[in-house]
Number of protein chains: 2
Amino acid sequence: MTTQSPSAIDWESKLAERAGGLYGSMTRKLMSVLADPEIISFGGGLPAWDLFPLDKIREVTDELLRTDGPLTLQYSTSEGFLPLREQVATRYRKRGFDVSVDNVMIVTGAMQGIDLVGKLFLEKGDAVVLGEPTFLTALQTFSFYQARFLSVPLDEHGMRIDRLPEILEGNDVKFIYIMPTFQNPTGRTLSLERRHQLLEIAERYGVPIVEDDAYGELRFDGDPLPPLKALDTRGSVIYMSSFSKTLSPGLRVGVILAPGALMEKLVFAKQIADLHTSVLPQRIVHEFLRRDWLDPHICRIVEAYRKRRDAMFAAMKKHFPPGVSWSRPEGGIFLWVALPKEMDTDAILDGALAEKVMYVPGSCYYGAGGGTNALRLNFSGYTEDRINVGIERLAKVIKRS
Amino acid sequence: MTTQSPSAIDWESKLAERAGGLYGSMTRKLMSVLADPEIISFGGGLPAWDLFPLDKIREVTDELLRTDGPLTLQYSTSEGFLPLREQVATRYRKRGFDVSVDNVMIVTGAMQGIDLVGKLFLEKGDAVVLGEPTFLTALQTFSFYQARFLSVPLDEHGMRIDRLPEILEGNDVKFIYIMPTFQNPTGRTLSLERRHQLLEIAERYGVPIVEDDAYGELRFDGDPLPPLKALDTRGSVIYMSSFSKTLSPGLRVGVILAPGALMEKLVFAKQIADLHTSVLPQRIVHEFLRRDWLDPHICRIVEAYRKRRDAMFAAMKKHFPPGVSWSRPEGGIFLWVALPKEMDTDAILDGALAEKVMYVPGSCYYGAGGGTNALRLNFSGYTEDRINVGIERLAKVIKRS
């Protein structure tokens with residue numbers, strides 16, 4: 001820190017009300033743990049370190065800078081690199097989305113999509129419906145825009161859609177935020193029947209759905225389910241996803257697919273947020289799509305992650321004491337562990353760090369309390385033997401708590 | 001656009017009030033003009049197409065992916081890539097800034113810095129002081145957060161600081177936004193005397209200064225002036241700059257240097273905005289700093305831009321009719337042209353586009369009207385002969401209007 005004289009500014013008095021509640025977040029704690037290589041962190045949502053397609057990324061990057069360098073380094077359009085938007089539109093049309101290139105905007109990770117939605121929709125006190133537990137960053141972002149949360153519980157088939165009509169009847173809701181497939185933090189997936197019900201209810205009440213599909217392409221078992229956007233015939237769904245889990249998170253390239261009526265607003269919000277997403281990363285992603293390199297790469301990841309998930313299942317079965325249960329995700333990168341009711345996963349985190357293992361306490365994923373006996377584990381970041389070691393460490397902490 | 005049935009959603013009713021006033025912006029019009037290679041656009045703020053250090057960027061990118069690929073592609077910290085932050089802190093300490101690495105955050109272009117400041121500080125009706133004309137994106141961003149503007153006129157020495165006390169006396173001001181050096185859009189520079197006065201006044205009234213120094217390193221003539229942050233002994237200045245004009249705008253790498261008391265808030269706002277800036281671009285910038293490649297490159301740019309500015313001065317002198325005057329910037333990439341008072345630069349823009357030349361009408365840079373007879377010209381984007389052709393085209397439009 002600087003050695004400046006006492007500040008001339010009373011910063012607190014200058015900040016907006018929305019900035020008042022900010023605090024050091026779990027997300028950053030997770031990132032800082034990366035600095036200690038001895039800690040096995042099941043906390044973050046990191047893709048496998050050893051599976052990045054480095055040679056291919058090197059090859060296309062070199063070619064781009066050699067053959068089209070100036071356009072790769074110059075300013076570009078806020079909507080995103082046009083050939084990438086075209087590839088994205090084509091890719092999603094094949095999955096049943098009724099979209100054209102005009103419905104596609106490139107964002108700096110799907111997280112930026114969540115922020116842009118918050119920015120455009122939310123004022124102090126506005127109601128957002130979400131299943132709980134839910135994605136921590138979504139909670140933080142919508143909280144920042146001073147939303148209030150109307151929570152719907154989850155069961156093994158995802159959000160309890162049967163609870164929605166009662167909530168929508170009594171409240172003016174800005175949107176329903178949902179991660180229907182391999183949800184963060186539980187790994188659970190909304191059933192097909194519930195997907196149809198959700199769309200029908202959202203249309204009936206005229207409430208938009210914000211669909212976050214960051215993990216949907218990482219399916220290990222079972223039949224693929226259509227994203228909500230693929231079932232959306234009346235333009236109710238704002239869809240977002242990213243290439244963070246399928247190619248590289250460090251590139252920060254995500255997508256929003258939205259109804260035409262919203263695109264001008266989204267593009268303007270994007271323009272004032274960062275003008276456009278970094279071009280070189282956009283073009284690396286574009287080359288992977290254009291050359292049909294992404295899907296084979298996803299197959300490799302899925303193979304590896306399936307083994308890692310299974311290794312975690314096996315290790316938990318072997319090491320965890322009775323009374324501990326866990327979700328059974330068919331894909332994604334997370335699973336959800338419930339300890340006996342009286343245990344407090346916030347309280348035992350320091351003990352876990354002392355044993356050189358990290359998780360995220362369940363309470364992080366609840367807007368208004370809950371999940372105190374639960375925790376989230378990531379299974380994509382380590383090889384099978386490290387997963388076994390980490391779970392053994394965690395089991396030790398649980399047993400003595 | 002999609003062929004969907006009538007939307008189930010009344011989007012207007014769902015949007016936040018702040019999203020109501022969005023509109024297709026001049027910034028995006030400028031970008032879309034890039035698609036027509038026949039148009040000579042003095043409108044955008046594009047660095048020279050022919051001066052990107054392509055071979056060096058290729059070299060470091062290849063090396064990074066070869067020797068440290070996984071860390072380049074994995075998630076990183078919201079503060080930014082630590083070795084880059086260290087290089088940035090060192091660089092600015094050499095320029096007299098009282099900062100450490102803890103005062104540095106990497107952002108997705110300085111524009112993101114402006115957005116984060118808006119997000120943290122501004123609520124509906126809050127007062128922001130700025131010189132007019134001023135940077136269009138700053139106006140748009142602060143307008144989005146529903147600020148009201150208290151304008152200070154500019155003269156040839158920049159913002160009329162003598163007007164400030166009266167404004168600060170009568171208003172509760174959130175911050176003063178200023179681009180003191182080679183200001184966008186006029187190219188004008190705040191004098192040293194006024195820099196000291198501005199700091200003294202800001203301290204006296206306890207009002208933060210947001211210093212935008214996107215162009216400060218591009219000086220062709222005259223002596224360098226210290227940024228406000230270099231004179232700031234009491235932590236009143238939030239400083240932002242970027243590598244867009246000195247290395248590549250497409251990379252989207254900028255910096256914020258802020259007082260320690262603000263850093264936690266800024267980092268949290270950054271985290272929920274896009275988690276972190278794309279790592280590969282950050283590391284390319286870092287390599288340029290670490291290898292001492294940036295300053296020699298800036299020297300090359302400055303040489304070229306000086307010639308281009310001089311070519312524009314010469315062409316304007318040769319082709320423009322009497323009654324047209326222009327600013328005389330000692331650096332940067334923009335200058336400001338005043339046509340005779342009765343002329344309307346918004347009205348003649350279509351005529352200019354028909355002649356295949358583009359500028360930005362002066363009115364864009366005023367929050368509450370003004371500049372209707374002025375226009376902004378960029379001189380960095382074209383070689384001298386093209387600049388002459390473009391100015392000749394523009395002169396033709398002016399003469400017949």
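Predicted model: local features only at pLDDT ≥ 70, side-chain atom pairs only at ≥ 80, totals over all residues.
**Exercise 1. Around strand S6 of chain A**

Which residue is the bridge partner of A:Tyr177 in S7(A)?

Step 1. Start with the pair itself: A:Tyr177 has A:Val210 as its bridge partner in S7(A).

Step 2. Now widen the view to the two strands. S6(A) and strand S7 (residues 209-212) of chain A run parallel, joined over three bridges. To get from S6(A) to S7(A), the chain passes through helix H8 (residues 192-205) of chain A, and this β-α-β crossover is right-handed.

Step 3. Look at another partner. Strand S3 (residues 127-132) of chain A also pairs with S6(A), again in the parallel sense, this time over four bridges. Here A:Ala127 stands opposite A:Val173 in S6(A).

Step 4. Check burial. A residue counts as buried when 20 or more other C-beta atoms lie within 10 Å of its own. Six of the six residues of strand S6 (residues 173-178) of chain A pass that test, so the strand is largely enclosed by the rest of the structure.

**Exercise 2. The overall build of chain A**

*Solution.* 

Step 1. Count the elements: chain A has 14 helices and 14 strands.

Step 2. Size it up. The C-alpha atoms fill a box of roughly 65 × 60 × 55 Å along the principal axes. For 401 residues, a compact globule would have a radius of gyration near 21 Å, and chain A agrees because its value is 21 Å.

Step 3. Look inside. Of the 401 residues, 56% count as buried. Take the contacts in chain A with a separation of 6 or more: 76% of them are between residues 24 or more positions apart.

Step 4. Domain 1 of chain A covers 11-53 + 296-400, and domain 2 covers 54-290. Their centres, taken over C-alpha atoms, are 23 Å apart.

Step 5. See where they touch. Domain 1 of chain A puts 34 residues into the contact and domain 2 of chain A puts in 36. On the domain 1 side, helix H2 (26-33), helix H12 (294-319) and strand S11 (334-338) of chain A each supply at least two residues. H12(A) has the largest share of that side, with seven residues. By type, the domain 1 side divides into 17 nonpolar, twelve polar and five charged residues.

**Exercise 3. Where the chains meet**

*Solution.* 

Step 1. Begin with the totals: 89 residues of chain B and 88 residues of chain A take part in the contact.

Step 2. Find the elements. Those giving two or more residues on the chain B side include helix H3 (54-73), helix H5 (110-121) and strand S6 (173-178) of chain B. H3(B) gives the most, with eleven residues.

Step 3. Sort by type: the chain B side has 38 nonpolar, 33 polar and 18 charged residues.

**Exercise 4. A sheet in chain B**

Why is one side of S10 (325-326) and of S13 (360-361) of chain B left without a neighbour in the sheet?

*Solution.* 

Step 1. Write down the order: this open sheet of four strands runs S10-S11-S14-S13 (chain B), with antiparallel pairing.

Step 2. Look at the ends. S10 and S13 of chain B stand at the edges with a single partner strand each, so one side of each has no neighbour in the sheet.

Step 3. S13(B) pairs with strand S14 (residues 374-378) of chain B in the antiparallel sense over two bridges, and B:Pro361 stands opposite B:Leu375 in S14(B).

Terms used: Residues numbered from 1 in each chain as written. Chains lettered and ligands numbered in written order. Domains from an automatic or database assignment. Contact = placed C-beta atoms within 7 Å. Nonpolar A, V, L, I, M, F, W, Y, C, P; charged D, E, K, R; others polar. Rg over C-alpha atoms; globule rule 2.2 N^0.38 Å. Buried ≥ 20, exposed ≤ 12 C-beta atoms within 10 Å, placed from the backbone. Pairing = 2+ DSSP bridges. Right-handed = clockwise from strand over helix to strand, strands pointing away.
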